Amino acid sequence: MDAARFWMIVERTLVDPCRQAELLTEALAGLNANDVLGFRREFIAAHRRAYTRRMWLAAALLHSGPNGDIELSDDSFTDFRSWLISRGRHPFETAVTDPDTIIDLPMDGCHDLFCHGETFAAVPDEVYEELSGEEVPIDEDIVEMLGELPDPPVKDSTATLLAAYPRLAARRRSP
């Protein structure tokens, strides 16, 4: 499966955000097991592209309350990236280029975006196992996705971080 087909499948699920995981399940169930693995590989590749410290900090700002610390666990960052992928190709590409733009993405009322991402991410594995009767093979893509962040750690103050993401920071200050 190539990236264009991957994104076409993802975008077809956007017709009903409240049923997105269900629609993805239906779409992938119509493929053969090898194509589902191909979808999974493209999903992992997208995850890897969004696996940057800048994106992590933007997600942490989105996740944090107005008075809370700016922090985000590994699991929550994984779920966030899955949610970001589920928004479609253009929003994903825009956010990868400028993480402050995630504020423009619809935060539908159907799901907590982090839980939504986790549910969406589980679909390819579930469908593959249903189609093949086997567990998803562990491959090198997963190992690479779980590696170290590619960019250097940020040792800035909260004020500096907020200045780097003005639109997300404004949301954080809003009641």
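Start with Arg87 and Gln20. Their side chains make a polar contact at 2.6 Å. By polar contact I mean a pair of N or O atoms within 3.5 Å; within protein, one must be able to donate a hydrogen and the other to accept it, and residues adjacent in sequence count only if both atoms are side-chain atoms. In sequence the two residues are 67 apart; in space, C-alpha to C-alpha, 10.0 Å.

A word on the source. This is a predicted model: local features need pLDDT of at least 70, side-chain atom pairs count only at pLDDT 80 or more, and totals for chains, interfaces and linings use all residues. Residues are numbered from 1 along each chain as its sequence is written, and side-chain values use heavy atoms, with hydrogens and water left out.

Back to Arg87. It sits in the loop between α5 (74-86) and α6 (89-97). Helices here are DSSP runs of H or I, at least four residues, and strands are E runs of at least two, numbered from the N terminus. Is Arg87 buried or exposed? Buried, at a relative accessible area of 8%. Buried means under 20%, exposed over 50%, partly exposed in between, with a 1.4 Å probe and protein chains only.

Gln20 leads us to Thr13. Thr13 touches Gln20, Leu23, Leu24 and Phe120, leaving aside residues up to four places away in sequence. Contact means heavy atoms within 4.5 Å. Thr13 lies in the loop between α1 (3-12) and α2 (20-29). Its relative accessible area is 1%, so Thr13 is buried. What does its side chain reach? The backbone oxygen of Val10, at 2.5 Å.

Val10 takes us into α1. Phe6, Trp7, Ile9 and Val10 are buried there. They cover an arc of only 155 degrees around the axis, so they sit on the same side of α1. The arc is taken from the directions from the helix axis to the C-beta atoms.

Next, α1 against α3, residues 33-49. Their axes come within 10 Å and cross at roughly 90 degrees. That makes α1 roughly perpendicular to α3, a label for angles of 65 to 115 degrees. Axes are lines fitted to C-alpha atoms, for helices over the stretch in contact, and angles run from 0 to 180 degrees between N-to-C directions. From α1, the residues involved include Phe6, Trp7, Ile9 and Val10; they meet a set in α3 that includes Phe39 and Phe43.

Last, the whole protein. It has ten helices and zero strands. Of its 175 residues, 42% count as buried. Among contacts with a separation of 6 or more, 76% come from residues 24 or more positions apart.

Definitions and conventions: Parallel < 35°, antiparallel > 145°, perpendicular 65-115°, else oblique.
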